[in-house]
Amino acid sequence: MLVLLSKSATDAERDRIVQTVHDLGFSVQVRQAGEHTVIETGAGSEACRCEVERLAGVERVFAGETAAHYATRDHRQEPTQIQVGDTLIGGAGTCIIAGPCAVEGLDVLVEIAHAAKAAGAQMLRGGAYKPRTSPYAFRGLGVEGLEMLAEARRQTGLPIVTEVMDTRDVDAVERHADVLQIGSRSMDNFALLAEVGRTRKPVLLKRGMSATVEELLTSAEYVLAGGNDQVIFCERGIRTFERGTRNTLDISAVPMLRERSHLPVIVDPSHAAGRARFVAPLARAAAACGADGLIIETHVRPAEARSDAAQAVLPEELASIVRDVRAINAALAAPVAGSDGAPSAEPPAASRQPEPVA
Ligand code: PEP
Ligand code: MN
């Protein structure tokens, strides 16, 4: 059994919990986990759980179930909104993040940033550190790429979303970026999650390609336990037997995450599709499903892209996606007409808050 103490728990409260568990005949270990004190008991019983749950200083008791708390609606009912520059993620409408897969050079990055902004993007994406399957592939420009992103932000005003892959690069990425992206392949890099948990920049946490939604929640918990409460989930497709797309967009992860968690959820249709022509329909599905944002790989000359060329959309395709998404946002926000033609009191499905999780 794990007993998570609240951040404000006093030493006296901690000692009382330890004594109670001990008196019930179970062994006790006290540990520090990020900002929290955790009391681990050798075993436990339902009676022990009931007794401990009532004590002052206890935030949550876990007995076998997934140890996520701060990421869940048990901790916070209202949706968390995250402000990045002028954009509120988790507010009304779908936030649009667009840009190249990788930062390839200053001129092309600035050209893409201006075009993405004109198409309706609210943030610029682009990797300076690229996770590549082959060590011989282009792996990004590193710090030089971060500086190019900062320059593109200066010229366009668009906040920057960029990936950090290594604990050693967290400081540099934190200095340059507005949102730190944890890529799919890093969702289980617990040292990296703990390190970005120490920063105070929003974290865009991408779902691992073989990870369950519960596992994504516990990865977010690592960041939150470190004291960084700004996590944005990203569904980017999972690996299935289907070979027609690069990954299978698990659209059901959006309502699942919204039900389990108060944190915003965005969708990456680009890495799910792997092909530019599937990006628009998947983006529309995500918006209709209630996603708080979209992250879309965009390039002014896709054929020249140094990574993920096949899935990059043109700025004009991005503009068309943004138009569709805004129409979907408006349709979902509009009052629903009842059978008598009068607006229904029932809010649209996407804006209804899920029931609290038992
Ligand atoms: C990316 O966003 O460029 C990326 C590498 O995505 P993922 O981690 O989802 O594969
Ligand atoms: Mn990519």
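Is Val325 buried or exposed? Val325 is buried, with a relative accessible area of 0%; buried means under 20% relative accessible area, exposed over 50% and partly exposed in between, for a 1.4 Å probe and protein chains only. The model is predicted, so that local features need pLDDT of at least 70 and side-chain atom pairs count only at pLDDT 80 or more, while totals for chains, interfaces and linings use all residues. Residues are numbered from 1 along each chain as its sequence is written, chains are lettered from A and ligands numbered from 1 in the order in which they are written, and side-chain values use heavy atoms, with hydrogens and water left out.

Val325 lies in helix 11. Helices (H or I, at least four residues) and strands (E, at least two) are DSSP runs, numbered from the N terminus. Leaving aside neighbours within four places in sequence, Val325 is in contact with Thr94, Ile96, Ala283, Ala287 and Leu294. Contact means heavy atoms within 4.5 Å. Tyr222 is 103 residues from Val325 along the chain, and their C-alpha atoms are separated by 32 Å.

Two strands pair if DSSP finds at least two bridges between them. Axes are lines fitted to C-alpha atoms, for helices over the stretch in contact, and angles run from 0 to 180 degrees between N-to-C directions.

Strand 12 (residues 231–235) is mostly covered, with five of its five residues buried. Both faces are covered. Val231, Phe233 and Glu235 are buried on one side, and Ile232 and Cys234 on the other. Strand 11 (residues 203–206) runs parallel to strand 12 and is joined to it by four bridges. Leu205 stands opposite Phe233, and Lys206 stands opposite Cys234. From strand 11 the chain crosses through helix 7 (residues 213–225) to strand 12, in a right-handed β-α-β crossover. A crossover is right-handed if, with the strands pointing away from the viewer, the path from the first strand over the helix to the second runs clockwise.

Strand 12 also pairs with strand 13 (residues 265–267), in the parallel sense over three bridges. Here Glu235 stands opposite Val267. The chain passes from strand 12 through helix 8 (residues 253–260) to strand 13, and this β-α-β crossover is right-handed.

Helix 3 (residues 106–119) and helix 4 (residues 143–156) pack at an angle of about 40 degrees, with their axes 9 Å apart. The two helices are therefore oblique to each other. Angles under 35 degrees count as roughly parallel, over 145 as roughly antiparallel, 65 to 115 as roughly perpendicular and the rest as oblique. On the helix 3 side, the contact is made by Leu106, Leu109, Val110, Ala113, His114 and Lys117. Helix 4 contributes Met148, Leu149, Glu151, Ala152, Gln155 and Thr156.
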